Amino acid sequence: MRARWYTAGSAHRASLEAATRANCSSASGHRFSSISKFGLDIGVTSSGLQLLGNAGNGVVIQEAAANNTIKGNQISGKAGNGIFIQNIDTTGNKIEGNKIGTTPDGAAALANSLNGILISSTASGNTIGGTAAGAGNIIAFNGSDGVRIDSKGATENLLSRNFIFSNQGLGID
């Protein structure tokens, strides 16, 4: 099962799963929580080596979506941000073991045009990386910052044990 991108927080679980199975964009509907997405190629072909030329953001978590896990994915080649987390009560989400802006091995560029990860608009209490083996993300080669926290209200977001390098902007802003 491969997906180009999906939106967490604006879809029913069933709608999201259907959109993922269909290898398409987002579904719309109600908020959801506790969704896990593992091992997907988002913005690239299934080999992870060629861009699909997708517009927008790779993964969007918003509208009070809580306790979602985005783990072990390659998120590259998007015209927007690799991962965009926003809005009040969007909390408890974990971003672990992903390769963002890179090839599957993390060694070469397949950049997202903007930030690798953008946290905005009072999204708080989310974790990027972690202390467990393999929880750190590789966030590299993106067109702006590796990780950008773009709001004074976006507090208590933890960044731990990530490899952040060779982004056009700052590693963490």
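User: What is I117 in contact with, leaving aside its neighbours within four places in sequence?
Analyst: I117 is in contact with I83, I95, I100, I128, I139, G146, V147 and R148. Contact means heavy atoms within 4.5 Å. This is a predicted model: local features need pLDDT of at least 70, side-chain atom pairs count only at pLDDT 80 or more, and totals for chains, interfaces and linings use all residues. Residues are numbered from 1 along each chain as its sequence is written, and side-chain values use heavy atoms, with hydrogens and water left out.

User: Which residues touch the most other members of the largest nonpolar core?
Analyst: I83, I85, I95 and I117, in a core of 18 residues. A nonpolar core is a set of buried (under 20% relative accessible area, 1.4 Å probe, protein chains only) Ala, Val, Leu, Ile, Met, Phe, Trp, Tyr and Cys residues joined through side-chain atoms within 4.5 Å.

User: And which strands each supply at least two residues of this core?
Analyst: β4 (59–61), β7 (83–86) and β10 (117–120). Strands are DSSP runs of E, at least two residues, numbered from the N terminus.

User: Switching to the sheet. What is the strand order?
Analyst: β3-β6-β9-β12-β15, an open sheet with parallel pairing. Two strands pair if DSSP finds at least two bridges between them. The edge strands, β3 (41–42) and β15 (163–165), each pair on one side only.

User: How many bridges join β6 to β9?
Analyst: 2, between residues 74–75 and 99–100. Q74 has K99 as its bridge partner in β9.

User: How much of the chain is buried?
Analyst: 50% of the 173 residues count as buried.

Conventions: Helices (H or I, at least four residues) and strands (E, at least two) are DSSP runs, numbered from the N terminus.
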